[in-house]
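Please find below a short note for a colleague who is new to this structure. The points follow the order in which the features may be inspected.

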Amino acid sequence: AGVDISVDGGATWSAASAATTWSRSLNTTLLPDGLLTLLVRASDIASNTGVETLLLNVDNAPPRAFISPDCPLPGASGWCRGPVAVSLSASDSGSGIASLTYTHDDKAVTINGSAARFVAGQGGTHTVTAYATDALGHRSPVESAVVRVDGAVNSPVAVAYVPGRNAGYYVARAGGFARRADKRRTYVVQP
């Protein structure tokens, strides 16, 4: 009589220990991530044998976070001439993403999901960091990016396209120029 466990589809078995209630520890950090089929085989004194199949989701690897700034008008030395859309995303091959946390100029935001987007519009240097947490609580390493915006805008917004209008029309609809804006470098980005 006894209980044996297999983690390789029954090719090899290892015995569980005890007299009436069996247990076996399993170090999942030695196993690859993904769905694992665990077989448990029990036999009694009369040599009757039964096998149960248990599915175990192994998730040892932490998730990953990504920061992708989109500079539509690159300037000199890594600066962007105007607002920069920053996309954040996360991935996890195991249990899935539970949340994504990012900071933009020391303001922390946490979302329940794997993607976020914001616009860095004010002139200057902006530090962006991000990390992801998976459904089991594993946290990714912190990713970091520096976004440099040349000039300034009040509040970057989307304005509906109207045929025949010039840049001044769109700037006015977006809230006008900020005090430090370089008005000689006005542009409109069309979709």
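1. In which strand does Ala-42 lie? Ala-42 belongs to strand 3; helices (H or I, at least four residues) and strands (E, at least two) are DSSP runs, numbered from the N terminus.

2. This is a predicted model, in which local features need pLDDT of at least 70 and side-chain atom pairs count only at pLDDT 80 or more, while totals for chains, interfaces and linings use all residues. Residues are numbered from 1 along each chain as its sequence is written, and side-chain values use heavy atoms, with hydrogens and water left out.

3. Four strands form an open sheet in the order 2-1-3-4, with antiparallel pairing (two strands pair if DSSP finds at least two bridges between them). Strand 2 (14-15) and strand 4 (49-58) are at the edges with a single partner strand each, so one side of each has no neighbour in the sheet.

4. Five bridges join strand 1 (residues 2-6) to strand 3 (residues 34-43) in the antiparallel sense. Ile-5 has Val-40 of strand 3 as its bridge partner.

5. Ala-42 is partly exposed, at a relative accessible area of 35% (buried means under 20%, exposed over 50%, partly exposed in between; 1.4 Å probe, protein chains only). Leaving aside residues up to four places away in sequence, Ala-42 touches Gly-2, Val-3, Asn-48, Thr-49 and Gly-50 (contact means heavy atoms within 4.5 Å).

6. Strand 8 (residues 97-104) pairs with strand 9 in the antiparallel sense over five bridges, and Tyr-102 stands opposite Val-109. Two residues separate these strands in a hairpin, where Asp-105 in the turn has a positive phi of about 55°.
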